[in-house]
Every structure is written in structure tokens, then in C-alpha cells.
Amino acid sequence: MDVKYISPFVESVYHTMQTMLGEAPKRKEVVMKNDNHAHGDISGIVGFASDKIYGSVALTFPTETAVKCYNMMVGDNVDIITDDVRDTVGELTNIIAGGAKKIYADQELSFDISIPTIVLGKNHVLSHKVGTPVVIVPFVIGEHPFVVEISVKFEKNAAFKSKTPKTEAASAQG
Amino acid sequence: MKILVVDDSAIMRRIISNNLKSAGHSDIVEAGNGAEAMEKLGGIELILTDWNMPVMDGLTFVKEVRKDTSYSKVPIIMVTTEGAKTEVMEALKNGVNNYIVKPFTPETLMEKLNATLGK
């Protein structure tokens, strides 16, 4: 999968985390996913689709990272996954998908996004669209890891208007 | 001033409400979707609403509010992930007074709120 198709999501991750948590994450090396299991304890997943493009984006956290993000967002001090922590993961996933949607719309590739679904549990299964490759983009925020899984498929004759969208992520490492 | 905050995310409602309280607004009512919000309109002087919500979405809610002569002039700010120009235009066309794209900072929220209220 061409990096330009995942860069809107990566850019949205940076912007969302920086704005909502006050701290920008650092990205690690991108890898292709070769199984259905999530790399963490809690995931938010959002699907998107139009007549030109479809796919899904998932945000997966170990418990400690999910709790830290929640505490940073609302100034609380919990240490387990509560309903509020679940809601935080869902809302972050929703905002990241929305940010990528705007960048894609600027490239005349509009799509609708679903309301986020939350999945919990060690090694839980994350189902992206069957037959579409899934890219894993690992991040750390502070010392806390999380991953973003991105699956994008274009219909025939659909592509970015310009060769590379103008995003910071397009020129970032990896 | 009585303010209605509508969002299906309890965390987002909490973040918005906390910011409003920090700015001195203590009379805040919350709803998890447009249908629930329709039941809480009594005395409301400002509405902040999300767009994508289950049961009744924010745009439908705005249209319903604008149909009601009692609330047709109540200022409405849409706070949403829908940031594309076409969506912003559609919201404004249907009666939204101001628009905030998530993610937002507390400063952006208060700037838009004050601009909407003419402060």
C-alpha cells in the first residue's frame, strides 16, 4: 500500500493527540499486518466507505496507555479500564478518522465514516475488510505504546488528485 | 445562561462542559443524541451539538430545532469531526451559527462561543 494513502491517517493521529492530550506521539516503523489479532487490550475501530474508496482504521492501546490517555484528556487519575476510558478510545478513533476524512476530501475522495466500535480483551480480534491489506503504524506517547491499523482500498479509477497530499506525515520518518 | 451540550461521547460532553464551567457557565444540560436533546430544550439559550450520533444525528436535530418557533433563534454551534467544506456549508445552510472541528483546544472553543454570542 502506497504511503500516501496512509499518511492522512498518520497526520490525523499526530494532530489529534497533540491537541487532545497536549503531547505529540512518535512514530515507529510501519509494518504489514499478517493476522487478525490486535496488538493491545482495547481497540476502537471505524469503517469508512464511498463509491471511490472503502476501508477501516483502528486504534489499539495496552491498558496502561488507554488509561494514561484518558487521565491526560480529563485530568482524572484512574488505573483500570472504565466506561470513560472505553469512551475515550472511541472518541479518539472517531476524531482521527474524521481528520483523515477531511484530508481525503481535499483530494476529492469523500467518504462516510461509521460510529466507532470498541473491542476489549487480550489478543482480541480486529476485523478489517476481508481481502484488503492492513498496515500497522506503531506509536509511542511518552513511554506508552499504541498502534494504528489502517486498511484502505480504492475502487477502479479512484486516486489522489495530487501525487502526495500536503501533510506533515507524508514527509515523516518511515 | 442555560447551555445544552449534545454528544454521544460522554467524555466529549465532559470536556466541553468542563471548559464552559471554567469560563463561568454553570447551568449546563447534557444529552447523548438529538432525540434526547429535543426533550431538554426548555429554557435553553445556547446549543453545542455533535453531528454524527446514533438515534438522531446533529444535523437532523438542528433542522428540528429550527422548525420550532420557540427555539428558531437559539444560537447553535456544531462541534464535530466533519471538517470538509461541503459539510460545513451544509450545516450553516441548515441553521448552524458557528462550527468547531474536532480536535479543538479550549481556546478555540471559547473563541467560537464568544463570537457566536457577540462578545
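Modeller: Start with helix 3 of chain A, residues 83–106. At 1.5 Å a residue, its 24 residues should span 34 Å, and the end C-alpha atoms are 35 Å apart, which agrees. The expected span is 1.5 Å times one less than the number of residues. Helices (H or I, at least four residues) and strands (E, at least two) are DSSP runs, numbered from the N terminus.

Colleague: What sort of model is it, and how are things numbered?

Modeller: This is a predicted model, in which local features need pLDDT of at least 70 and side-chain atom pairs count only at pLDDT 80 or more, while totals for chains, interfaces and linings use all residues. Residues are numbered from 1 along each chain as its sequence is written, and chains are lettered from A and ligands numbered from 1 in the order in which they are written.

Colleague: Back to helix 3 of chain A: how many of its residues are buried?

Modeller: 18 of the 24, so helix 3 of chain A is largely enclosed by the rest of the structure. A residue is buried if 20 or more other C-beta atoms lie within 10 Å of its own, exposed if 12 or fewer, and partly exposed in between, with C-beta atoms placed from the backbone.

Colleague: And what follows helix 3 of chain A?

Modeller: Glu108(A), with a positive phi near 60°.

Colleague: How do helix 1 and helix 3 of chain A cross?

Modeller: Their axes come within 8 Å and cross at roughly 130°. Axes are lines fitted to C-alpha atoms, for helices over the stretch in contact, and angles run from 0 to 180 degrees between N-to-C directions. The two helices of chain A are therefore oblique to each other; under 35 degrees counts as roughly parallel, over 145 as roughly antiparallel, 65 to 115 as roughly perpendicular and the rest as oblique.

Colleague: Which residues meet there?

Modeller: From helix 1 of chain A they include Phe9(A), Val13(A) and Met20(A), and from helix 3 of chain A they include Leu92(A), Ile96(A) and Tyr104(A). Being in contact means that the C-beta atoms, placed from the backbone, lie within 7 Å. The residues of this contact divide into 10 nonpolar, four polar and one charged. Ala, Val, Leu, Ile, Met, Phe, Trp, Tyr, Cys and Pro count as nonpolar, Asp, Glu, Lys and Arg as charged, and the others, Gly among them, as polar.

Colleague: New topic. How many residues does each chain give to the contact between A and B?

Modeller: Chain A gives 19 residues and chain B gives 16. The largest share of the side of chain A, 11 residues, comes from helix 3 of chain A. That side of chain A has six nonpolar, eight polar and five charged residues.

Colleague: What does chain A look like as a whole?

Modeller: Chain A has three helices and eight strands, in the order α-β-β-β-β-α-α-β-β-β-β along the sequence. Buried residues make up 42% of its 174 residues.

Colleague: Is Val55(B) buried or exposed?

Modeller: Exposed, with 12 other C-beta atoms within 10 Å. Also in chain B, a cis peptide bond joins Lys102(B) and Pro103(B), with omega about 0°. Pro103(B) lies in the loop between strand 5 and helix 5 of chain B.

Technical notes:
Two residues are in contact if their C-beta atoms, placed from the backbone, lie within 7 Å.
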